[in-house]
Amino acid sequence: MKKISILWTDDEIDLLKPHILFLEAKGYEVETASNGEDAIELIKKQHFDIIFLDENMPGRCGLDILKEIKSIYPGIPVVMITKSEEETIMEAAIGSQISDFLIKPVNPNQILLSIKKNIEEKELITKKTTADYQAEFNRIGMSINNANTHENWIEVYRKLVFWETELEKSNDNMLDEILRQQKTEANSAFTKFIKKNYCTWFDKSNNEAPLLSHNIFRKKVFPLLDQQIKVVFLLIDNLRYDQWKIIQPNIAEYYNIDEEEIYFSILPTATQYARNTIFAGLMPTEINQIFPDIWLNDEDDGLKNEHEQALLARQLTRFNYNFPFNYEKIIQTKDGKKLIDNLSSILNNKLAVFVFNFVDMLSHARTDSKMIRELAANESAYRSLTLSWFQHSSLLELFKIVAKQNIKIILTTDHGMVRVQNPLKVIGERTTTTNLRYKQGRNLNYNPKEVFEITDPQKAHLPKTNVSSTYIFATNNDFFAYPNNYNYYVNYYKDTYQHGGVSMEEMLLPLITLSPRHT
């Protein structure tokens with residue numbers, strides 16, 4: 001293994017001999033220079049991993065040398081060492097992108113810590129993360145085996161997402177694969193839990209049911225309105241819990257988290273069902289029965305989510321909230337700009353509802369675009385794209401503006417998504433739904449052991465379009481493919497993000513209540 005190479009520049013370098021011997025005893029290679037010009041010549045001739053630079057030397061000062069070093073090797077870590085504690089010098093050094101700032105006299109352990117922080121941090125993080133996950137692995141496995149309540153599964157999923165985001169900071173690809181296998185094991189057990197319990201959650205006498213899509217407004221929004229608190233309800237279509245955790249630090253500058261919950265999406269985990277259910281406050285069967293002018297079945301022509309505002313208006317009226325509210329759907333950049341321009345007048349109302357569609361559009365674009373698929377080649381890259389969008393989006397601008405007022409934000413989503421890998425053959429009539437993660441129709445031909453089937457849709461409060469209607473749901477990372485043109489279909493859709501079925505990623509969703517930090 002190559003030794004770490006250090007350049008230490010100081011006009012009193014002879015006095016630092018004990019420090020240099022200490023570092024060499026620790027296994028580091030140390031070159032020295034007594035002035036900035038000699039340091040520049042050394043940097044041009046050989047590679048160094050880190051540079052220690054005295055700020056106050058005869059001739060050119062350390063800050064001038066720092067600028068030249070950065071012009072030659074912009075990414076090299078430079079640690080500025082100075083006798084002065086003047087704030088202006090610190091600010092100038094920090095503005096020149098130093099990696100650390102030490103005040104003389106320095107002791108050997110300070111130097112050692114700075115090296116580890118700037119050079120060995122990635123390796124140290126990898127070692128610690130690896131050790132911590134290995135210690136946690138068996139505990140997570142036991143939690144998966146023992147999970148028999150919705151609270152248990154929420155906790156399991158939180159842990160898996162935590163380790164997924166922690167391990168991506170390290171360089172241990174082997175652990176990534178182990179975690180993927182553990183996640184697959186968890187989703188298989190989660191499927192058994194859903195098969196056993198899902199339809200029982202709609203029994204009004206069942207006090208063990210989790211929070212589901214149709215109760216979000218009644219449980220989370222209406223109590224705030226009753227306290228005369230203004231609310232912005234923000235729905236980011238297709239946002240998984242891991243994506244929320246990635247954007248959370250950007251929001252933390254402006255908001256405190258009052259409550260971070262995970263709720264369960266209804267099935268199918270698709271916009272037509274899950275989002276309409278949120279805004280209606282009713283399950284799909286009840287929407288179909290009470291508002292037949294609004295609900296469209298899978299085989300009906302027309303957009304399935306164009307009546308969200310009307311459904312919300314009727315839910316508010318049903319619960320005696322008779323006041324104006326705003327509803328805005330943001331699909332394109334111009335929609336976001338228009339929203340920001342009009343936000344001050346919109347926020348005069350007690351309730352404003354915004355739907356941002358970017359994340360859902362990104363998942364579809366990854367299916368259709370080779371370039372996007374390469375940019376989001378894995379889960380880590382997909383999260384990174386989500387974060388990049390958020391940091392440059394009108395949504396972040398919205399957060400900044402709303403934070404200046406005494407308005408709470410409830411942030412959530414309608415469903416998540418899962419990266420599919422394993423095709424399952426299914427045969428259906430022409431009217432069978434085309435979604436890759438669920439099918440609804442009659443005379444469906446499939447292997448019942450491979451799916452979650454609901455042969456009596458009424459038990460799951462799902463519309464029944466004919467007497468023999470059946471719903472089947474793909475689980476884990478499976479997806480449905482027709483025998484006709486099978487190979488083309490599989491090659492096109494394998495390794496794409498889909499939703500509609502049963503997995504932790506699709507069903508266990510963030511529900512976050514936020515308060516402005518600076519009001």
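User: Which side chain does the side chain of S469 make a polar contact with?

Analyst: This is a predicted model, where local features need pLDDT of at least 70, side-chain atom pairs count only at pLDDT 80 or more, and totals for chains, interfaces and linings use all residues. Residues are numbered from 1 along each chain as its sequence is written, and side-chain values use heavy atoms, with hydrogens and water left out. A polar contact is a pair of N or O atoms within 3.5 Å; within protein, one must be able to donate a hydrogen and the other to accept it, and residues adjacent in sequence count only if both atoms are side-chain atoms. For S469, the partner at 3.4 Å is the side chain of Q440.

User: Is S469 buried or exposed?

Analyst: Helices (H or I, at least four residues) and strands (E, at least two) are DSSP runs, numbered from the N terminus. Buried means under 20% relative accessible area, exposed over 50%, and partly exposed in between (1.4 Å probe, protein chains only). S469 has 1% relative accessibility, so S469 counts as buried.

User: How many residues of the protein chain count as buried, as a percentage?

Analyst: The protein chain has 519 residues, and its secondary structure comes to 20 helices and 18 strands. The share of residues that count as buried is 53%.

User: What is the omega of the peptide bond from K104 to P105?

Analyst: Most peptide bonds are trans. The one from K104 to P105 is cis, and P105 sits in the loop between strand 5 (100-103) and helix 5. Another cis bond runs from L267 to P268. For K104 to P105, omega is near -5°.

User: What is the phi of N476?

Analyst: Most residues other than glycine have a negative phi. N476 isn't a glycine, yet its phi is positive. You'll find N476 in the loop between strand 15 and strand 16 (478-481), and it counts as buried because its relative accessibility is 10%. The phi of N476 is near 50°.

User: Where is D495, another residue with a positive phi?

Analyst: D495 has a phi of about 70° although it's not a glycine. With a relative accessible area of 21%, D495 is partly exposed. Its place is in the loop between helix 19 (486-493) and strand 17 (497-498).

User: How far apart in space are K117 and D100, C-alpha to C-alpha?

Analyst: K117 is in helix 5 (residues 108-118), and its 41% relative accessibility makes it partly exposed. In sequence, K117 and D100 are 17 residues apart. In space, C-alpha to C-alpha, they are apart by 9.1 Å.
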